[in-house]
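Here is a short briefing for a reader meeting this structure for the first time. Please look over the sequence and the model before reading on.

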Amino acid sequence: MAAAIVFAIISLSTLCLTDAQNVGFSVELIHRDSIKSPFYNPFETTFDRVTNAFRRSFSRVHRFYPNSITTTEANPDVIVNTGEYLMNISLGTPSFSVVALADIGSDLIWTQCSPCSQCFKQDAPFFDPTKSSTYRKMSCSSNSCENIQGGTCASPTDTSCIYSVTYGDNSFSKGDIAYDILTLGSTTGQAVALPDTIIGCGNNNAGTFSGKASGIIGLGGGEISLINQLGSPINGKFSYCLLPMTQIGKSSKMNFGSNAIVSGPGTVSTPLIEKSPTTFYFLTLKAISVGTQRIEFNGSSFGTDEGNIVIDSGTTLTLLPSDFYSQLESAMDSQFNGIRAQGPQGFNLCYVAIHEFEAPEVTVHFANADVKLKTLNTFVKVDDSTACFAFSPAQNIAIYGNLAQMNFLIGYDIKSQTVSFKPTDCSKN
């Protein structure tokens with residue numbers, strides 16, 4: 001009966017996931033430098049945007065260091081304001097629009113709420129839970145409260161659940177854990193509503209957050225992420241197709257359920273490794289080849305065997321342990337018939353690139369899956385005459401970044417524990 005009432009409230013033009021099975025839908029995944037993004041700066045050049053993305057990439061890596069990964073916390077430490085993609089969602093009844101960073105490396109969905117004791121300045125209005133007829137606070141006796149970072153009772157006399165998330169740069173968000181309707185605007189048909197979504201209603205937030213976005217949408221592997229809260233209707237499947245950075249006038253897509261199946265010619269699949277912390281999506285890297293020269297991968301701080309690399313859409317560069325990276329750089333330089341150039345700080349291997357060029361082919365050998373990268377995945381222009389290698393050393397960390405993922409349809413199947421790659425023109429997907 002309650003589900004029927006909720007469905008009526010949502011509207012006839014919206015698909016309610018509590019009443020659906022095996023659904024398929026897609027949403028816009030907006031790059032932060034896209035014309036559609038609130039972060040868009042028309043005065044920045046393409047090269048400014050590339051350089052800024054690289055800086056964010058180096059900042060974001062701190063979330064993955066071993067001292068940020070513990071089994072006692074539901075979420076690891078992260079650096080805020082470093083995500084590369086945004087999503088538009090709506091919360092509550094009536095629906096209230098929220099633009100937030102889509103983060104595959106965290107779990108909690110949260111936004112700033114009013115009244116707010118301490119909030120960072122944001123351009124859009126705050127979500128006011130008192131105006132939503134479907135908003136209700138979570139009890140701290142709930143098992144879900146126990147699984148949320150900092151989840152505890154508000155006070156000895158207040159049994160509602162509150163959260164406290166501290167990020168790697170000492171930014172933080174604190175507030176109430178609650179249930180409310182979350183609605184996704186589908187690009188492929190009617191909007192999709194998820195009643196009783198667990199959200200964080202932040203009323204004490206400070207640090208390096210940007211006012212252009214009003215929170216974070218956690219897309220990680222943890223229990224309270226959007227992926228897991230979407231539940232059985234999407235059958236554990238989601239995928240995305242990331243456009244090259246130069247296509248700022250268009251949005252990438254994120255697909256769910258039956259829309260997220262990746263198959264057909266050229267598709268390769270590798271096991272998704274379940275390990276701690278469950279937030280991250282771990283794969284197994286065996287080697288990387290440059291042309292015919294294969295360099296064996298001996299592991300990272302994540303392990304020497306299975307699950308030794310994290311795939312992350314929020315990190316721009318592919319980051320590799322320093323010793324392994326040195327071998328990869330040497331292999332590339334020995335086979336690249338080009339003139340070396342000086343690049344921005346943090347880039348070890350750059351070349352003069354006045355005209356378009358083809359770099360030696362790079363093949364990433366995951367377990368059971370060889371992913372062949374094109375030049376757009378391995379080099380990026382940092383100014384009019386210089387292109388730099390899109391791989392970088394990062395002590396003992398291994399992260400497969402989004403440049404290497406562009407123009408691939410990448411599908412995650414949580415039930416089958418696989419990640420699939422299919423070369424795709426994402427502008428036509």
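Over which residues does pLDDT stay under 50, and how many contacts beyond four places in sequence does the model have for them? The stretch is residues 1–12, with 13 such contacts; pLDDT is the predictor's confidence in each residue, from 0 to 100, and contact means heavy atoms within 4.5 Å. Residues 66–82 also have pLDDT below 50, and this stretch has 59 contacts in the model beyond near neighbours in sequence.

**Basis of the model**
- This is a predicted model, in which local features need pLDDT of at least 70, side-chain atom pairs count only at pLDDT 80 or more, and totals for chains, interfaces and linings use all residues.
- Residues are numbered from 1 along each chain as its sequence is written, and side-chain values use heavy atoms, with hydrogens and water left out.
- The chain has a mean pLDDT of 85, and 87% of its residues reach 70 or more.

**The chain as a whole**
- There are 6 helices and 28 strands in the chain, taken as DSSP runs (helices H or I, at least four residues; strands E, at least two) and numbered from the N terminus.
- The chain has 429 residues, of which 57% count as buried, that is, under 20% relative accessible area (1.4 Å probe, protein chains only).
- Of the contacts between residues at least 6 apart in sequence, 69% join residues at least 24 apart.

**Residue H31**
- H31 belongs to strand β2, which covers residues 24–31.
- H31 counts as buried because its relative accessibility is 14%.
- Leaving out residues up to four places away in sequence, H31 touches S37, E84, Y85 and L86.
- L101 is 70 residues from H31 along the chain, and their C-alpha atoms are 9.6 Å apart.

Conventions. Buried < 20%, exposed > 50% of the residue type's maximum accessible area, 1.4 Å probe, protein only.
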